[in-house]
Every structure is written in structure tokens, then in C-alpha cells.
Amino acid sequence: MKKMKVYLMGLTILTLIFSSCSKEENKIDSETDKATISFSAIVEDLASKSTNRQSIADIPVCSDDSPAYVEIILMQGELEIVGSAGDPFRVDLVIGQLFTQELELVPGNYSLEYFSVYNAAGDLIWLAPMEGSILSEFVDKVLPYDISLGAGVKKYVDVEVLCYDDRDVNEYGYVFFEFDTTETFEYCFFANYCGEDGRHYPARYSVDITIDGEPVVSGATNVTGTNGDGDWYAEPLCLHLPDYSEYDDDEEYLDYTITLLDWEGVYDAPEMSFSGSLSREDVMQNFDGDTDVDYHHFRFGCEESELPELPNFDPANFSNPTNITNPYYGPSAYAFYEYEVFEVEDGVMGSEAVEQIMIERRTETKEVMGITTVIQRDVVRVDGVIVEDTDDWIAQDDSGNLWYMGELSKNYDEMGNFLDTEGSWEAGIDGALPGYWLPGDPSLGQFYYQEYYEGEAEDFAEVVALDETVIIDMGTFENVLVTRDVNPFEPNVYELKYYAPGTGLIMEEAYEDGELVEVVVLTAIAME
């Protein structure tokens with residue numbers, strides 16, 4: 001999948017209130033004219049504070065590290081009293097306790113401007129967000145804290161903090177601090193499971209990452225569920241992994257294990273796992289731009305030769321087959337879609353189109369297997385000469401699935417002379433069977449035949465993205481469906497097709513031996 005938006009998945013978020021029975025409540029000691037203060041940290045339950053799945057995906061990932069000390073800055077007005085922007089003050093936790101040692105101060109009014117928590121190795125693990133920051137919505141109280149200290153007062157302050165996962169500190173509101181942190185990059189995992197009965201499922205799985213035997217990620221699990229139509233879905237699991245400069249670009253130092261898990265009510269998982277190692281080059285090859293990332297696709301129990309199931313075709317499910325409402329289908333009646341085809345060589349797309357394609361949804365219909373189908377005409381021109389003229393026959397069932405019922409393809413030479421009808425087929429004739437042109441409710445990992453005419457046309461596709469953002473000259477398209485289309489007779493070739501809701505097919509990318517070789521782009525939509 002190309003250009004997938006990066007999301008943080010598999011969060012392990014716990015509510016931990018660091019207090020102890022040996023920590024006394026705020027009290028007054030009348031025998032001293034000083035004041036003392038101690039801090040404890042509350043790691044917020046972010047999941048309960050998130051109002052939608054998007055926000056849950058964007059919250060920081062927690063580690064299992066134990067806190068060892070905090071760093072603070074206390075001010076009075078504009079004056080830095082304890083710590084400074086360049087050198088925050090360290091306060092250790094009380095040995096065996098989960099709150100800090102007491103800090104003695106002159107009575108007065110203070111503001112807590114900065115609060116961070118570190119593990120024993122000196123790694124930043126928690127951070128209190130500032131007022132107005134992106135992550136401030138996840139806590140009830142944000143910095144700065146106003147603290148009033150009277151003579152003899154012993155005050156204990158609970159500070160709400162969020163886990164820190166090496167993201168931009170600006171998200172916490174700290175635009176003026178430079179933390180000594182490790183840079184990270186995203187790596188995403190996705191998987192399918194093929195049962196013994198041949199059925200394909202999106203998979204539920206866990207991922208473990210180690211470096212030189214030391215755990216970096218332990219038991220991270222992807223998000224799974226059931227959509228409104230009762231179909232199962234599984235989301236990719238994207239993780240922040242450390243980018244250690246001491247390793248060479250091609251040196252494999254990130255060791256992973258992805259393990260298939262049971263999915264209650266869906267399947268019982270056999271013991272299956274994949275293990276491997278990644279280098280910096282492996283990770284960076286999956287990036288497309290600054291924020292978009294591909295994912296590593298695993299198939300548990302699916303052999304390379306494994307093929308999808310044929311969709312269950314029932315003519316009784318087609319009550320109004322020419323009423324096409326599938327949002328990913330393009331041309332309405334009387335509409336013309338115009339595309340240009342560009343060759344790509346060594347990653348560089350040519351400046352001149354080598355082919356032009358026109359797609360038209362015709363007003364005529366054709367009956368196939370007792371179903372009235374819509375005719376879509378595809379015309380390919382090279383230098384203005386028609387080299388291919390195809391009628392595709394499609395119909396929609398009552399669940400919104402768009403079916404590919406066959407085609408009549410006429411091929412011509414560069415002079416426009418008729419050659420043959422190679423590639424033509426019709427469902428119901430000579431054993432040919434229909435498949436999905438587009439599923440009505442696509443789900444990530446969905447694997448389906450598009451057509452099946454044994455030995456002639458056996459193309460199949462897999463849904464590889466549902467929320468792609470694609471920018472072409474015609475505009476920016478969001479929530480784009482992406483399919484990976486395969487012709488099994490050309491094993492080293494595949495296509496990525498991009499379908500925008502309400503518009504239809506906006507772009508295709510053709511790959512040979514893993515290299516992009518051709519791009520097809522929608523350039524115009526015209527009405528008759």
C-alpha cells in the first residue's frame with residue numbers, strides 16, 4: 001500500500017496514580033518558617049478521555065519503564081527560582097516510594113512551568129503538557145500550576161502527565177526545550193490469516209521488537225472489530241522504532257516477531273509467527289514522503305499460490321442491477337472520464353503522455369446470466385489512433401457490490417487495423433464466472449476475484465487502504481480506496497488502483513519486479 005497516512009496503533013495505556021500510604025497529606029509544621037513541596041505524577045487514562053478513534057490513534061504510546069526522578073522549573077512571576085529553561089532542576093524519587101523527595105522553599109506564590117519524569121537510565125518517559133498544546137485536551141489540569149506555600153506548610157502536588165514517545169515536543173507545548181532523545185521512525189505491520197477451509201481473514205496479531213536481545217516493543221496488538229454491516233476489520237499496527245546512528249544503514253538491528261492471535265468469534269488461531277530483522281534501509285524504503293508510510297504485509301497460512309474465494313453470485317440478489325450507487329464507481333450516465341498514461345523510468349515519470357484513455361458509461365445495457373448490466377466503454381488511443389476498444393459489463397447487487405460480468409475487447413494495431421478480440425469473456429459461457437468489480441463495503445485485507453475464466457482471465461484484487469489521501473492536478477482526494485490488482489499469468493506485475501468516494505478511479509500505478517513503471521491519472525471529467 002502506498003502513501004498510507006501514518007497512525008499510532010496498539011496503545012497500552014494505564015492509569016497509574018503514584019501515591020503511597022507513607023506519603024502524608026498537606027500539613028503545617030509551626031516550628032519552621034520554611035515551606036516544603038513534594039511531587040507525584042498521575043499518568044492519565046487517555047483512552048477514556050478520547051472522544052473518537054482518531055484521537056485514540058494520535059495519543060502517545062506508553063512504556064513499561066519505572067520512574068526514577070523528575071525535572072522541574074518553578075518560577076515567581078518572570079523570575080526562575082528553581083531550575084531554568086536551559087537547566088531544569090532534578091528531584092529524585094524517595095527510595096522505595098513513588099513520590100519525590102521534599103524540596104525546601106521560601107514561603108510565597110510559585111508557578112510550576114515545567115515537569116518531566118525520567119527512568120533510571122535518564123530517558124524521558126512522561127511529560128506534563130502545557131496550556132494550549134495539542135495534547136492538553138487529554139488532561140484535566142495543564143501547566144503552569146499555581147502553587148501557594150505558607151510558612152511551615154508541607155505540600156504534596158499531583159501533576160498530570162502523558163507518556164512521551166519521542167514525538168515532537170511542540171505537541172506538549174515545549175517549544176523552547178531541547179531534549180536528549182533518540183530519533184524514531186514509523187514501521188507498520190499488517191497481516192491476513194488463511195484458515196484450513198481456505199477462507200481469508202484479516203488477522204489479529206501481536207508484534208515484539210528487540211535490539212540485541214533487549215525488548216523495545218512487547219506484545220503490541222493491532223486494532224480489530226466489526227463494522228456496522230457485521231463485517232470483520234483489522235487495522236495495521238504502526239510503531240515508533242528507534243533510529244540508532246551507531247548502526248550502518250544496511251545493518252539489521254531491529255529484530256521482530258509477529259504472532260497470530262485468536263480472534264474471539266472469528267477464528268481460533270493455530271501457533272504461527274514470523275520473525276525477521278530490519279535495517280534502517282528496510283524501514284526507510286517503506287516511506288513515501290515525510291509522513292506517509294507503507295506497511296509490511298504478512299500472510300499466516302497463506303501460501304504464495306493461495307488464491308481468493310470466488311464471490312457468491314446469486315441472481316436473486318439483483319433487484320435493480322443498473323442502479324449503481326457504489327460510491328467508488330465513477331462515470332454517471334452521459335459522463336466521460338479522460339485519463340493520461342505516463343511511463344516511469346528509474347523513478348522519473350515522463351513529461352509526455354504515451355496513451356490517452358476515455359471511459360464512458362453508455363446508456364445501452366446487455367443481459368448476462370439473466371442480469372441486466374450497464375455497459376462501460378473503455379477506449380485507448382496512441383497518437384490519436386484507437387488501439388483498444390472495450391465494452392465492460394457491470395451490475396450492482398442489493399448489497400452494493402459491483403460485479404464484473406465480462407467484456408468484449410477489440411484490439412487494433414498502430415495504424416488502426418483490427419487485430420482480434422483477445423481478452424474477451426462473458427460470465428456463464430464456457431465456464432466463465434463473474435467477480436467483484438468493486439466490493440460494496442470494502443475492508444482492509446479483503447481478497448477477492450475480479451473475474452474468472454480459467455486460463456484466460458483470472459484477475460484478483462486485495463484492499464490495501466481505505467483512507468488514502470491522493471493529490472493530482474484535478475485536486476486533493478481523501479478517504480481513497482486502494483486495491484492491489486494481480487494477473488496471476490504475470491506473477492511479477494501488479495497494479496495499485498485508487499478510487500475516490502463520489503468520483504471513482506482517479507489513478508493507477510503499474511509495477512514490474514517491484515519497480516513503478518507506469519502511472520495513469522484522471523485528467524478531466526466531461527458531460528455529454
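A: A disulfide is taken here as a pair of cysteine sulfur atoms within 2.5 Å. The model is a predicted one, and by that criterion the structure holds one disulfide. Its partners are Cys188 and Cys238, with 2.0 Å between their sulfur atoms. The S-S torsion of Cys188 and Cys238 is about 110°, so the disulfide is right-handed.

Searching the whole structure gives two cavities of 30 Å³ or more. The largest cavity holds about 60 Å³ of space. Twelve residues line the largest cavity, and those closest to its centre are Ala41, Pro67, Val70, Leu93 and Leu98. Two or more lining residues come from each of β3 (35-43) and β8 (108-118), and β3 gives the most, with three residues. By class, ten of the residues lining the largest cavity are nonpolar and two are polar, with no charged residues.

The second largest cavity holds about 30 Å³. Its lining consists of Asn192, His200, Arg299, Gly445, Phe447 and Glu462. The class count for the second largest cavity is one nonpolar, three polar and two charged residues.

Among the open spaces, the largest pocket has a volume of about 1600 Å³. There are 47 residues in the lining of the largest pocket, and Glu388, Glu407, Asp459, Glu495 and Lys497 lie nearest its centre. Strand β37 (residues 493-500) gives the most to this lining, with five residues. By class, the lining of the largest pocket has 23 nonpolar, eight polar and 16 charged residues.

The loops remain. The loop between β9 (124-127) and β10 (145-149) contains Ser136. Ser136 has a relative accessible area of 16%, so it counts as buried, the cut-off being under 20%. Beyond its neighbours within four places in sequence, Ser136 is in contact with Pro129, Met130 and Val142. Pro144 also lies in the loop between β9 and β10. The peptide bond that leads from Leu143 into Pro144 is cis, with omega near 5°.

Positive phi values in residues other than glycine are found at Asp212, near 55°, and at Asp513, near 50°. Asp212 sits in the loop between β14 (205-211) and β15 (214-221). The place of Asp513 is the loop between β38 (504-512) and β39 (515-527). Residues count as exposed when their relative accessible area is over 50%. Asp212 is therefore exposed, at 62%. Asp513 has a relative accessibility of 61%, so it counts as exposed as well.

Terms used:
Residues numbered from 1 in each chain as written. Predicted model: local features only at pLDDT ≥ 70, side-chain atom pairs only at ≥ 80, totals over all residues. Heavy atoms only, no water. 1 Å grid on protein atoms, 1.4 Å probe; cavity = no way out; pocket = protein on both sides within 12 Å on 5 of 7 lines; lining within 4 Å. Points joined across faces, edges and corners; volume = space filled by probe spheres on them. Helix = DSSP H or I, 4+ residues; strand = E, 2+ residues; numbered from the N terminus. Nonpolar A, V, L, I, M, F, W, Y, C, P; charged D, E, K, R; others polar. Buried < 20%, exposed > 50% of the residue type's maximum accessible area, 1.4 Å probe, protein only. Contact = heavy atoms within 4.5 Å.
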